[in-house]
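Please read it beside the structure shown here.

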Amino acid sequence: MDVSYSRTDTALLLIDPYNDFLSEGGKLHGLAKQVFDATGTLDNLRRVVAAARAAGIRVFFTPHHRARPSDFSLWKNASPYLLGGDRMQVFAEGSWGGEWHPDFVPQEGDVVAKEHWHSSGFAHTDLDLLLRRHGVEKVILVGLLANTCVESTGKFAAELGYHVTLVVDATAAFTREAMDAAHKINGPTYAHAIVATANLVQALAAPAVLEP
């Protein structure tokens, strides 16, 4: 792996780490459980976040909008994706499902961007502003889902000029086919580095990462 990461220029983007995705009983957990289990997604997310924190790399949370029943009552042209989430009230405001998974609660020094409505963590949020104010040039993508929010955030990041690393086994999708499309077909169109958790953890432990 020929990419180096520094606490001064790199951020970990933790995308939508909600109970509805990551916890047993979450509204979307069952749909992704087979891929979660086969990939080891939850354990890999824990490893990546711990390695980033140990290396002094700041964690940025890129959360999806927390649903309210009236969200789309007056909207025109809401996508099927948005309307499906609305019917289920995924990540509902004030609900357990809309809370952070207990292993991924923001800590002191973390940055929480404004909630995104659709898929990209950048669209209509302050994520780009926050990253640039912190001097970030490289972003590492982990979280949910591989073929929606992770992919859309990664593509937007590349358009904005960031170096993008995609960690393939620290994400998940509802099907293996969706994972493969996101990583093997679409990933190379925007990601500068496509890596496994083990490779990233090793890179983050390199002495260069620890330099101020």
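**Notes on the predicted model**

1. Thr10 lies in strand S1. The model is a predicted one, and in it Thr10 is buried, with a relative accessible area of 2%. The side chain of Thr10 makes a polar contact with that of Asp9, at 2.6 Å.

2. Which residues does Thr10 touch, leaving aside those up to four places away in sequence? They are Tyr5, Ile57, Arg58, Val136, Lys138 and Ile140. Two of these residues also meet in a contact of another kind: Lys138 lies over the face of Tyr5, at 6.0 Å from the ring centre.

3. The largest nonpolar core holds 41 residues, and Tyr5 and Leu204 touch the most other members of it. Helix H3 (residues 41–54) supplies the largest share of this core, namely 5 residues. Another core, of 21 residues, lies apart from it; Ala11, Phe122, Val139 and Tyr162 are among its members.

4. The count of aromatic pairs comes to 9. One of them joins Tyr18 and Trp100: the ring centres are 5.3 Å apart and the planes stand at 15 degrees. Planes under 30 degrees apart count as stacked, and the Tyr18–Trp100 pair is therefore stacked.

5. Where do the two partners of this pair lie in the chain? Tyr18 belongs to the loop between strand S1 (10–15) and helix H1 (19–22), whereas Trp100 belongs to the loop between helix H4 (80–88) and strand S3 (111–112). The pair therefore ties together parts that are 82 residues apart in sequence. Tyr18 is buried, with a relative accessible area of 0%. Trp100 is likewise buried, with a value of 17%, because the limit for a buried residue is under 20%.

6. A second pair for comparison is that of Phe72 and Trp75. Their ring centres are 4.6 Å apart and their planes are at 90 degrees, so the pair is edge-to-face; the cut-off for that class is over 60 degrees. Are its members buried or partly exposed? Phe72 counts as buried at 12% relative accessibility, while Trp75, at 40%, counts as partly exposed.

7. Tyr18 and Trp100 also belong to one aromatic cluster, together with Phe21, Phe61 and Phe91. Trp100 has a charged neighbour as well: Arg66 lies over the face of Trp100, at 4.9 Å from the ring centre.

Conventions. Residues numbered from 1 in each chain as written. Predicted model: local features only at pLDDT ≥ 70, side-chain atom pairs only at ≥ 80, totals over all residues. Heavy atoms only, no water. Phe/Tyr/Trp six-rings, centres within 6.5 Å; stacked < 30°, edge-to-face > 60°. Helix = DSSP H or I, 4+ residues; strand = E, 2+ residues; numbered from the N terminus. Buried < 20%, exposed > 50% of the residue type's maximum accessible area, 1.4 Å probe, protein only. Lys NZ or Arg CZ within 6 Å of the ring centre and 35° of its normal. Core = buried A, V, L, I, M, F, W, Y, C linked by side-chain atoms within 4.5 Å. Polar contact = N/O pair within 3.5 Å; in protein donor to acceptor, adjacent residues only side chain to side chain. Contact = heavy atoms within 4.5 Å.
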